[in-house]
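Visitor: I have a chain to look at and some questions about it. Please show it to me before we start.
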Amino acid sequence: MGIIGITTVFQILIIQFLGKFFKIVRLGWRLWLVSIAIGLVSWPLAYVGKFIPVPVRPLPDYFKPRCCRKPPRRDEEEGGQS
């Protein structure tokens, strides 16, 4: 949280006071509110996204032609146990 806080402070300082150096313009209060709203919406969405299950088999493997797939090794067929 500290890194996010420091990054936020630096971004505010850059936008408000260092506009000429970075060739940017100041934001009005409406754009600040939009920026804050986007941030407030994105944090819960990122949290929920962490609960989406990831398959063990990589997604591109489903799109390879069957003729080019390597047959599974013997130890993989047995569940990796020797």
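Guide: A definition comes before the questions: helices are DSSP runs of H or I with at least four residues, strands are runs of E with at least two, and both are numbered from the N terminus. Keep in mind that this is a predicted model.

Visitor: What percentage of the residues of the chain count as buried?
Guide: A residue counts as buried when its relative accessible area is under 20%. The chain has 82 residues. The share of them that count as buried is 4%.

Visitor: Which element gives the largest share of the nonpolar patch?
Guide: The patch lies on the surface and has about 920 Å² of accessible area together; its residues include Ile-6, Phe-10, Leu-13, Phe-21 and Ile-24. Two elements give two or more residues to this patch, α1 (2–17) and α2 (19–22). The largest share is five residues, and it comes from α1.

Visitor: Is Leu-13 buried, partly exposed or exposed?
Guide: Leu-13 lies in helix α1 and belongs to the nonpolar patch. Its relative accessible area is 36%. Because buried means under 20% and exposed means over 50%, Leu-13 is partly exposed.

Visitor: Which residues is Ile-24 in contact with, leaving aside its neighbours within four places in sequence?
Guide: Ile-24 is found in the loop between α2 and α3 (29–49), and it is partly exposed, with a relative accessible area of 35%. Ile-24 and Ile-14 are 10 residues apart in sequence and 8.9 Å apart in space, C-alpha to C-alpha. Contact is judged on heavy atoms within 4.5 Å. With those neighbours left aside, the contacts of Ile-24 are Ile-14, Ile-15 and Gly-19.

Visitor: Which elements give two or more residues to the lining of the largest pocket?
Guide: The largest pocket has a volume of about 380 Å³. Among the residues that line it are Ile-4, Thr-8, Ile-15, Trp-32, Ser-35 and Trp-43. The elements that give two or more residues to this lining are α1 and α3.

Technical notes
Residues numbered from 1 in each chain as written. Predicted model: local features only at pLDDT ≥ 70, side-chain atom pairs only at ≥ 80, totals over all residues. Heavy atoms only, no water. Patch = residues over 30% accessible without salt bridge, like charges linked within 9 Å, V, L, I, M, F, W, Y side chains within 5 Å. Areas by Shrake-Rupley, 256 points an atom, 1.4 Å probe, with all protein chains shown as cover. Salt bridge = Lys/Arg side-chain N within 4 Å of Asp/Glu carboxyl O. Buried < 20%, exposed > 50% of the residue type's maximum accessible area, 1.4 Å probe, protein only. 1 Å grid on protein atoms, 1.4 Å probe; cavity = no way out; pocket = protein on both sides within 12 Å on 5 of 7 lines; lining within 4 Å. Points joined across faces, edges and corners; volume = space filled by probe spheres on them.
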